[in-house]
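Dear colleague,

Please find below the structure that I am handing over to you. My notes on its contents follow directly after it.

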Amino acid sequence: MRLAFITYEYPPDTGKGGIGTYTKQVADVLGRQGWDVHVFAGSHHRQCENYENNIHIHWVRCDSPHDFRLKVLPVFQSEHSGKAFELMESPEIHGNAWEIKKAFPQVPLIVRFHAANWLVERLKKKYSSFTSRLRFVLGALLRGRWDLGYWRKYDYRNDPDYQFCLLADAMAAPSEAMIKWVAHNWKLRVPGIKLIPNLFVAPGALLQLPVPEKAIYKKIVFFGRLNVLKGLVNATL
């Protein structure tokens with residue numbers, strides 16, 4: 001099967017988070033299984049194509065996720081015109097494959113939930129103080145506009161991430177919690193969302209570390225970036 005992953009985040013250029021890690025892991029596994037895997041990813045410094053570990057990586061030079069969404073279309077179009085893709089996947093955040101799906105509606109789109117932009121921003125601001133939240137509102141008033149900031153009413157129907165999901169032919173999520181969040185906040189049907197956990201294949205160097213027979217072991221917890229979004233506050237309580 002000829003498969004395209006459309007993702008702004010991908011290591012090493014833009015893959016500093018979970019989306020890039022997930023995409024690389026699943027692309028590596030599918031590539032080893034003989035799938036024709038292509039990753040269309042964002043980069044801040046290069047526009048080229050690489051072939052690594054049975055994966056075609058199309059680097060799209062761009063400045064931001066929104067910029068990537070526009071600039072990835074001609075790159076995808078050029079590759080698709082040579083041999084059509086049978087399936088594509090994109091994260092919901094920033095609607096990476098929005099322009100591609102509109103241009104090629106016949107290519108089935110899987111939208112995978114990682115964490116919508118609204119959820120990310122909400123979690124980042126959860127522990128901000130009342131005074132800082134109030135300062136934001138007062139600052140907006142001084143600039144002549146009304147913006148409640150943290151207390152701003154959220155209408156999911158106007159959320160671009162939600163609107164992008166309406167283009168999907170199928171949807172997937174890595175956890176039950178994410179499915180419940182989507183069902184509650186975006187009113188999407190739970191039976192239409194497949195639970196497919198994130199996979200992780202440990203690198204050979206990690207698996208080859210010697211294990212001493214007599215040692216005092218300590219539990220090590222690996223987090224993503226050390227911020228509120230990754231649950232660091234909860235873990236330290």
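**Aromatic pairs and the sheet**

The structure holds 13 aromatic pairs; rings of Phe, Tyr and Trp (its six-membered ring) pair if their centres lie within 6.5 Å, and planes under 30 degrees apart count as stacked, over 60 as edge-to-face and the rest as tilted. One of them joins tyrosine 162 and tryptophan 186, edge-to-face, at 5.8 Å centre to centre and with 65° between the planes. Tyrosine 162 belongs to helix 6 (residues 160–165) and tryptophan 186 to helix 7 (residues 176–186), so this pair ties together parts that are 24 residues apart in sequence. Helices (H or I, at least four residues) and strands (E, at least two) are DSSP runs, numbered from the N terminus.

Please note that this is a predicted model, in which local features need pLDDT of at least 70 and side-chain atom pairs count only at pLDDT 80 or more, while totals for chains, interfaces and linings use all residues. Residues are numbered from 1 along each chain as its sequence is written, and side-chain values use heavy atoms, with hydrogens and water left out.

Tyrosine 162 and tryptophan 186 are both buried, that is, under 20% relative accessible area, with exposed meaning over 50% and partly exposed in between (1.4 Å probe, protein chains only). Tryptophan 186 also forms an edge-to-face pair with tryptophan 181, at 5.5 Å centre to centre and 70° between the planes. Tryptophan 181 is likewise buried. Ring pairs link these residues into a cluster that includes Phe113, Trp118, Tyr154 and Tyr156.

Asparagine 185 is found in helix 7 and is buried, with a relative accessible area of 18%. Leaving aside residues up to four places away in sequence, asparagine 185 touches Trp118 and Tyr156 (contact means heavy atoms within 4.5 Å).

Turning to the strands, there is an open sheet of 8 strands in the order 3-4-2-1-5-6-7-8, with mixed pairing; two strands pair if DSSP finds at least two bridges between them. Its edge strands are strand 3 (48–52) and strand 8 (193–195), each of which pairs on one side only. Strand 5 (residues 87–91) and strand 6 (residues 109–112) run parallel and are joined by 4 bridges. Proline 91 has arginine 112, in strand 6, as its bridge partner.

Helix 7 packs on the sheet, where it touches strand 7 (170–173) and strand 8, and its direction makes about 165° with that of strand 8. Axes are lines fitted to C-alpha atoms, for helices over the stretch in contact, and angles run from 0 to 180 degrees between N-to-C directions.

With kind regards
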